[in-house]
Amino acid sequence: MKAPILKTLFGKAEVAPPPDIEAAALRSDRFRLEREHDWRRLEDIVVRMEKGRLRGLSDEDVLALPALYRTAASSLAVARETSLDAATLEYLDSLIQRAWFQVYGPRQGFVAWLRGFLGGGLSRSIREIWLDICIALAVMVAGTITGWLLVAQDREWYYAFVPVQFADTRVPGASREVLIESLQVEKDTQGMSAFAAFLFSNNAGVSILAFALGFAFGIPSLMLLMHNMAVLGAMLWLYADAGLTLEFAAWLSVHGTTELFAILLAGAAGMHIGRSMAFPGNRSILAAAAESGRRGAQVMVGVVLMLVAAALLEAFPRQLLGTEGRLIIGGVMLLFWLAYFFAFGRERKAEPA
Amino acid sequence: MTARAAPHLAHRARRRRDVVTPEGIALPFTVASRSARAGALLLDLTLMFVTGVAVTLTLIWIAGGLFEAVGGPGGTSGAMEFIAVFWTLFWFLLWNGYFMVMEMGPRGATFGKRAAGIRVASRDGGRLTPEAVVARNLLRDIELFLPIVFLLSAPSGEGGAAGIAAAAWFLIFLLFPFFNRDALRAGDLIAGTWVVEAPRATLAETLSTEGAAREGASALTGAEYRFGEAELAIYGEYELQTLERVLRDDRSEALESVHDAICRKIGWNPGNGDERAFLEAFYAQLRAKLESDMRFGKRKADKFS
């Protein structure tokens with residue numbers, strides 16, 4: 001209970017005295033004056049809710065909101081047929097709309113949403129796009145094999161695939177020692193967190209792009225996946241050629257199982273939108289796009305979280321651990337994601353939402 | 001509403017959509033104009049840019065201070081690294097998070113949208129979910145930044161024919177709102193949202209409780225204005241609401257010219273100096289007549305009908 005003195009000191013100036021209803025010459029104005037008090041109360045509640053000051057609302061106000069909203073809505077319906085007062089009509093229109101957004105606004109706070117999201121919402125969305133994940137996975141595998149085969153046939157392809165910043169010392173014909181050096185364990189953590197932050201924002205940018213391009217019927221998403229995996233295939237060939245397959249796999253897997261999985265999901269989410277727009281089934285294209293877009297957005301929030309994990313793994317364990325440690329962490333992460341996405345939260349589905 | 005939209009509202013009537021809420025109330029929405037949305041976007045981008053530059057400059061200043069305090073590059077690396085991490089994450093969050101966080105709030109609008117009087121809403125009349133807000137904002141890159149990058153680079157001929165093709169392709173996304181009735185951009189399409197006007201009107205005073213509308217006579221001269229059936233039959237709803245605006249604005253030149261126009265039309269010659277009282281009385285009586293006709297189902301949109 002608030003001290004009443006504070007209300008009078010810091011509250012708004014009192015509303016004008018109740019209007020003289022009998023004095024109104026017009027029937028429509030009398031109608032308005034009789035109901036004005038309720039409208040103003042509704043407006044006051046709505047303004048407070050819009051500002052996010054829910055604590056300031058008393059229980060009576062919260063209980064009264066739906067009733068006030070319905071009364072005002074019916075006032076609007078009557079006023080439209082009986083009143084020519086443009087200012088009142090405009091006011092009621094905007095009041096009803098604002099009240100509607102609050103009455104039917106998001107009921108969940110951010111924390112509640114996050115709990116639902118992590119506790120099953122994300123896993124469900126990912127399971128719902130399983131077909132797209134399979135397609136994206138096939139494309140990624142095909143991309144890796146293509147990269148490998150092309151470079152194995154003609155080394156010039158390596159320079160076509162691998163961007164300049166990766167091809168520093170890691171070029172065809174480099175000696176085994178140079179390649180081992182590039183997989184080396186770092187001595188200290190100097191500069192690692194800056195590196196992690198850079199990796200995260202870069203990878204998150206790429207995966208958002210992969211998702212967004214899915215809007216163009218999914219084709220550009222697939223091309224992006226294909227190209228990235230061809231780079232991987234080319235580098236894999238390079239290390240395999242020097243007999244370093246296991247070391248390279250370990251170096252890659254520590255973060256790669258998380259990061260490649262995230263990119264796979266981003267591409268699949270983008271393709272899901274493209275696919276449902278190309279083949280909407282019984283729904284309209286707009287409805288299909290909206291449904292798949294919301295599902296895709298959930299997956300994308302998960303992707304960004306995975307990329308945070310991937311960047312941390314890439315910066316610290318990858319640079320500081322040896323081959324076995326890297327392999328173990330990579331494998332554990334992969335198992336964790338698979339279990340979380342495909343096994344977790346299944347029983348919740350049976351419950352009514 | 002009116003049988004025919006008043007001329008000055010015709011362009012708004014084209015953007016009006018009635019959404020039936022889940023409980024069956026028909027709620028009128030006005031789709032936000034493309035120019036209002038572009039203005040809101042420019043405001044938001046300016047705000048983001050200014051914030052970003054301000055934070056960057058502050059960080060540079062702090063880093064410079066650190067450098068001087070320690071007197072060399074050694075020993076500051078931990079703090080420097082923290083600044084670098086903070087800066088990278090800050091830009092990422094600013095660029096991707098600003099729109100999402102703001103639109104998830106109770107007003108459903110960024111600062112720019114609030115200034116333009118518009119907000120994001122769900123197209124089906126349901127509630128605006130966080131997923132929808134995330135989805136509509138994830139497409140901003142391909143709708144805005146990529147098209148601009150390609151458009152700027154295409155004329156130089158660097159990318160060749162592929163660059164020009166890519167520019168044309170992304171131009172489709174950039175211009176997407178111009179190709180549909182509801183001004184949906186690609187992000188709105190996949191999120192099931194649209195952007196509507198969110199006017200914040202305040203309740204104006206009732207006109208019929210004040211001045212000559214109430215007394216029936218001028219407080220200044222005591223003259224009583226009574227208009228006959230024929231004189232009130234000239235004008236319709238559009239003129240009535242124009243007169244309402246003139247009375248509410250209360251600018252003397254406007255009052256005078258409207259007074260002259262009405263007097264010429266109905267053939268009166270009441271002289272100068274008492275325009276407001278005359279117009280208040282005319283407004284109240286015209287509205288009483290039009291509203292009583294309305295109750296019998298007769299509506300007169302404007303003076304031509």
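This passage describes two chains, the contact between them, and a few individual residues.

The model is predicted: local features need pLDDT of at least 70, side-chain atom pairs count only at pLDDT 80 or more, and totals for chains, interfaces and linings use all residues. Residues are numbered from 1 along each chain as its sequence is written, while chains are lettered from A and ligands numbered from 1 in the order in which they are written.

Chain B has 13 helices and four strands. Both kinds of element are DSSP runs numbered from the N terminus, with helices (H or I) of at least four residues and strands (E) of at least two. Of the 305 residues in chain B, 32% are buried. A residue is buried if 20 or more other C-beta atoms, placed from the backbone, lie within 10 Å of its own; it is exposed if there are 12 or fewer, and partly exposed in between. Contacts were also sorted by separation in sequence. In chain B, 66% of the contacts between residues at least 6 apart in sequence join residues at least 24 apart. Two residues are in contact if their C-beta atoms, placed from the backbone, lie within 7 Å.

The contact between the chains takes 61 residues from chain A and 56 residues from chain B. Several elements of chain B each supply at least two residues to the side that touches chain A, including strand β2 (26–30) and the helices α3 (77–104) and α13 (275–295). By class, this side of chain B has 32 nonpolar, eleven polar and 13 charged residues. Ala, Val, Leu, Ile, Met, Phe, Trp, Tyr, Cys and Pro count as nonpolar; Asp, Glu, Lys and Arg count as charged; the others, Gly among them, count as polar.

Within chain A, helix α6 (residues 130–153) meets helix α10 (residues 219–241). Their axes come within 6 Å and cross at roughly 45 degrees. That makes α6(A) oblique to α10(A). Angles under 35 degrees count as roughly parallel, over 145 as roughly antiparallel, 65 to 115 as roughly perpendicular, and the rest as oblique. Axes are lines fitted to C-alpha atoms, for helices over the stretch in contact, and angles run from 0 to 180 degrees between N-to-C directions. The crossing is right-handed: the near helix is turned clockwise from the far one by less than a right angle. Among the residues that meet are Gly143(A) and Trp148(A) in α6(A), and Met229(A) and Trp237(A) in α10(A). The contact of these two helices has 17 nonpolar, five polar and no charged residues.

UniProt, in an unreviewed entry, lists "transmembrane region" for residues of chain A that include 129–151 and 260–278. Such annotations may be inferred rather than shown by experiment. Residues 129–151 of chain A are 96% helix and 0% strand, with end C-alpha atoms 33 Å apart. Residues 260–278 of chain A are 100% helix and 0% strand, and their end C-alpha atoms lie 26 Å apart. For chain B, the unreviewed entry lists 41–62, 82–101 and 160–179 under that name. Residues 41–62 of chain B are 100% helix, and their end C-alpha atoms are 31 Å apart.

Ala183(B), not a glycine, has a positive phi of about 55 degrees. Ala183(B) is buried, with 20 other C-beta atoms within 10 Å. Asp250(B) also has a positive phi, near 55 degrees. With 9 C-beta neighbours inside 10 Å, Asp250(B) counts as exposed.
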